[in-house]
Every structure is written in structure tokens, then in C-alpha cells.
Amino acid sequence: MYYIGVDLGTSAVKLILMDKEGNVVKTVSREYPLYFPKPGWSEQNPSDWYENAVEGIKELTDGVDAAQVAGISFGGQMHGLVILDKDNEVIRPAILWNDGRTTKECEYLNNTIGKDKIAEYTANIAFAGFTAPKILWLRENEPENFKKISKIMLPKDYLAYKMTGVHCTDVSDASGMLLFDVKNRCWSKEMLDICGIDENCMAKVFESYECVGNLTKEAAQCMGLTENVKVIAGAGDNAAAAVGTGTVGDGKCNISLGTSGTIFISSDKFGVDDNNALHSFDHADGHFHLMGCMLSAASCNKWWMDEIIGTKDYGKEQEPITDDKLGENNVYYLPYLMGERSPHNNPDARALFIGMSMDTTRADMTQAVLEGVAFAMRDCYEIAKDLGINITETKICGGGAKSPLWRKIMANVLNINVNIIESEEGPGLGGAMLAAVACGEYASVQEAADKIVKVIGTEKPDPALAAKYDKKYAKFKEIYPTVKGLYDTLKA
């Protein structure tokens, strides 16, 4: 049997076809537009997601016996607001995770309602990307659209609805809406009341590995599949990527160096840090996880290479950064190109270089970018350590993880083993694994992870270099508090 994983990203939908042994048979990617109607706004048309997913699945399964495709599941961009009217038509373009229009609404939730209350209701506080502040913005700025709302959905769940006719979501993705009681895995009545939303407007909640329904006749015909294909709830992209990297079970860790960056720590027990600097969400394996999220990670390196230096040869730019240069750089970089989420929760923060002198080289600047992202990741890692979580190793995934230099920097900045996995398909593989679990191919998410995910190498920290980076990090973490007040001035 075959299983399809749908990774609904911000720039493209990436689809994988996995066999029952966990081998990736084929991959397909299809891009769609991203719209910026105003500075700081970010939107997409849900119809673009579905049309490209359908065409991608047709391409993915070309030449495959349709009867052998057993299940479809998802890993999807989180937090996006998709609203449907009484006829299940999309009311307006989706407002995405990286949209920054809700500063006022976040301040209302965190300061007027109060962080303590919000955290009591949801285990989290308001961040600009979350869904609840978007609903408040809609109520204030587009009241006619707000009145039309019959269903509130997340991006990947819109695909599941179009495939099955079921309004559904899963616990991991729902956790990032600020409308969900993470500890008790249900909608928060208090938060729905604050947002003026009836619970009937919310989707039915499933565990990530549960089947929500089968393909409708129409969807099956569009994709060239049968109505026997099961559609499984799936997970938010980070939880799905964690499944795809085997970050399942107590105390496991995964670092993702994608457009954004995350450190993801799975746990059997529910937990929240005192300052809510880390997100406390439900995990796709039926348990919980803590997550630190940086809004700009590999995108910092892409920006530096593409826009500033003007090259696509990333590897060549890293060649001058030899081992003797590591831990010796006097240039520091704050990686806040789009503001920052964890741990600072400051949408107005911006990137900066500091420490340049007349002998600073292009390679020093490139090195500073890689190190700055690693230091910012350590900010989140230190919070997890303060909670008593003992992390000795991590998996690593995402585009940035393909750089041996960046993996070495990460291992030594965090002073832990960094494991490289065989198949780096991220949320798509996680989605396919969840589909295989739901279809009975594996007894649990844990079993699927144990059998499918294989470590093929480990980057181990060097004690002397880790000690150097420890001193450098002590300087790095003084920079943000020092310049924090300037961000308000720059904004004004």
C-alpha cells in the first residue's frame, strides 16, 4: 500500500508518496502565489492550495495503481485564518502565520485581558502570528466579513474539508490558534467568548493520527483515486516534521532550519515555562511538546546571500570559514528580519550586525549570520534547560541543515550531538507516516518513527570549541536587551 503526505507550505505544496516500509517513492512540488496587500500583511487564496494539491497528487500517483493508495494526511503551515460562510465558500483570502497586522490585538489580549488569564485558558500567550488576534482584527476592521463566518479553519484543514466534506482539525495545529485548551485538548470557551465566536464555528478536533473520513466521490474523481482512500487529520508543520524526524517520545528534540527556525522538544507530560517564551502545544503522537520559534532562520542566510552579496552559491561563500575561524569571530548578527517570536515576542525587532571593524571580511559577515541563528536558537534551548529538561542530542532538518558548517556551528553552540537523518522530507514524510498509522500499517506513531527514521551521521561538539562559543553566546545575549528600546524609536 501507498500513503500520501501533503506538506502545505507558504510558498509551495510538497507531496510525497511513501510505501508501507517507509520508503519515499516519489515527490512532487507545486508553487503558488503569496500576496502582500499592505506592508507587514501576508495572504494567500485557499483555492490555490487545493488546486495545486489536486494536480500534485495526480502527478504523484501517475503510473500507480489507484487501489493501492490507502491514505492521505498533512503537515501544514500553522496559524492561518481561513473563514467560510454558510455555503462553505471562502469569505476572504487567508491571513497567514507571518502576517504582522495584529500588534494592537496582541497587546489587548496580553495586557488588557492579561497574559496570566490567556495562559490559563490556552497554555500560551498572544503572538502576532496566532489565529485569535487575527479574528479580533477581522471583527474590528472587516465587520461584514466577520458576520458571515460560519466556520473557522486552518490551512491544511481546508484541504481535508475539500477532500472529505468534514470540518476538522487536529490537536497540534489547533494548539497554535490561541483558541484551544492545550492541557485538556478541547476548545477554550473563555477564548471563544473573548473573540466573539460560537463553538459551532469551530471544526471538530481529532488526534493527528485519526481518520476524519474518506475521499468524496468528487474529490476522488479529481485526483484519480478511489473513494476508499482515508483522509487523516495530520498535524501542524512542526509537529509533522517532528514525526518525520522521529522526534516522538519523552525528551526528544528536533531543530528545524527552514524559512523560520524551531527547536521542538517532545514530552509525555504537559508543561509551560513561567514566561511563556516557548509555545506549549499538543503533539501529533498523542502527548505534548514545547517549541521555540524564530521567524527568520535559513531565510537570514538566503537574504544575506541573494539580496546583499548577490550569489546563489552558498557553499562557496562558506568555504573560507575554516575550523580555525570558528569561535573567533568578533562580528555578531541578530537574526530578526521579520521581528521575533521566541523568546522575545517582539514583532518590531529587526536584524542588525555589530562588531565590524576595518579588517572585517565578507566571510566574517557570512559566519556571523550562521552563528547568529545558532545563538538565537540557544536562547530557546536555555529556557528548556531551565525547566529541567535534559537534552543531550537533537535531530536536524530543513534547508539550512544541508550545510555541514552550519550543523557544526549548531552542535558547538548548543554543546549537544546533532544527528543527521537519512530521509529529509520533513512535514510531508510526517504526514505520510500519520496516514500509515491511521490505516493500521503501524500500531502507533512511536512504532512508525522507530521503524522508518534512520540516523546516518552525528555532528559531535568539540569541548574546546563549545567553550569558546559559550563565551561568545554570553556576549550575544546582551545585545538584544541593550538595543530593545531602539526598535520603538525606529518604528516611530
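Start by selecting β18 and strand β19 (residues 288-294): four bridges join this antiparallel pair. Strands here are DSSP runs of E with at least two residues, helices are runs of H or I with at least four, and both are numbered from the N terminus. Two strands count as paired if DSSP finds at least two bridges between them. Now click on His 279, and you will find it opposite Met 291 in β19.

This is a predicted model, in which local features need pLDDT of at least 70 and side-chain atom pairs count only at pLDDT 80 or more, while totals for chains, interfaces and linings use all residues. Residues are numbered from 1 along each chain as its sequence is written, and side-chain values use heavy atoms, leaving out hydrogens and water.

Next, show the whole sheet. Its seven strands are open and mixed in pairing, in the order β18-β19-β17-β16-β22-β23-β24. Which strands stand at the edges? They are β18 (279-282) and β24 (455-459); each has a single partner strand, so one side of each is left without a neighbour in the sheet.

Now move to two helices. Select α9 (residues 237-244) and α14 (residues 426-438), which pack at an angle of about 75 degrees with axes 7 Å apart. Axes are lines fitted to C-alpha atoms, for helices over the stretch in contact, and angles run from 0 to 180 degrees between N-to-C directions. That makes α9 roughly perpendicular to α14 (the term covers 65 to 115 degrees). Residues of α9 including Ala 240 and Val 243 meet residues of α14, among them Leu 429 and Met 433; contact means heavy atoms within 4.5 Å.

Two backbone details come next.

- Select Ser 342 and Pro 343: the peptide bond between them is cis, with omega near -5 degrees. Pro 343 sits in the loop between β20 (332-334) and β21 (352-354).
- Select Ala 123: its phi is positive, about 75 degrees, although it is not a glycine. Look for Ala 123 in the loop between α2 and α3 (131-141).

Finish by selecting α2 (103-122), α12 (362-386) and α16 (463-491), the elements that give two or more residues to the lining of the second largest pocket. Which element gives the most? That is α2, with six residues.

Terms used
Angles under 35 degrees count as roughly parallel, over 145 as roughly antiparallel, 65 to 115 as roughly perpendicular and the rest as oblique.
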